[in-house]
Amino acid sequence: MAAGHTAHAAVLCQVRPPPYATSLPPSAVAASRSSPEPLAGSSRVLCLAAGAGNAVDALHAAGVSEVTRIDLVDFPPLVRRADPHRLPFSDGAFDLIFSDDPAGISGALFPARVAAEAERAVRRGGAIALAVELAGPP
């Protein structure tokens with residue numbers, strides 16, 4: 001990897017009783033295609049570190065109608081301000097928690113707390129998909 005470049009990875013986790021997240025290898029993701037799709041028109045999705053809301057267009061194109069978008073800064077009318085370390089939602093409120101912004105998770109003050117909040121706010125059997133930065137060799 002060239003100096004100054006950072007690799008990015010998507011982490012897909014599925015919550016199982018008792019609620020906890022497990023990182024899935026690519027082969028498990030491919031094998032899971034026979035299971036129900038995590039997104040449907042009735043899915044409740046939380047988009048973390050939503051920025052100006054660009055990822056929401058892709059979620060809508062996938063058929064998701066109910067997307068809640070949060071970030072540390074308001075981007076009215078699409079994105080509301082909320083702290084990802086203390087999500088203002090009830091336990092199990094979402095079917096999917098998603099972020100395509102690696103800096104939104106890896107750059108958080110307490111990334112483990114953000115992950116714990118995502119686990120709390122996703123329903124059992126739901127999914128968490130977060131882009132994270134991978135540290136390369138020094």
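Which residue forms a salt bridge with arginine 120, and how far apart are the closest N and O atoms? The partner is glutamate 117, and the closest N and O atoms sit 3.0 Å apart. A salt bridge here is a side-chain nitrogen of Lys or Arg within 4 Å of a carboxyl oxygen of Asp or Glu. The model is predicted, so to speak of local features takes a pLDDT of at least 70 and side-chain atom pairs count only at pLDDT 80 or more, while totals for chains, interfaces and linings use all residues. Residues are numbered from 1 along each chain as its sequence is written, and side-chain values use heavy atoms, with hydrogens and water left out.

Arginine 120 and glutamate 117 are three residues apart in helix α4, so about one helical turn separates them. Helices (H or I, at least four residues) and strands (E, at least two) are DSSP runs, numbered from the N terminus. Glutamate 117 is buried at 5% relative accessibility, whereas arginine 120 is partly exposed at 23%. Buried means under 20% relative accessible area, exposed over 50%, and partly exposed in between (1.4 Å probe, protein chains only).

Arginine 120 also pairs with aspartate 91, at 2.8 Å between the closest N and O atoms. That pair links distant parts of the chain, 29 residues apart: aspartate 91 lies in the loop between β4 (80-81) and β5 (94-99), and arginine 120 in helix α4 (residues 111-121). Aspartate 91 is exposed, at 56%.

Elsewhere, aspartate 95 and arginine 123 meet in a salt bridge of 2.5 Å, N to O. Aspartate 95 is buried at 10%, and arginine 123 is partly exposed at 31%. The whole structure holds five salt bridges.
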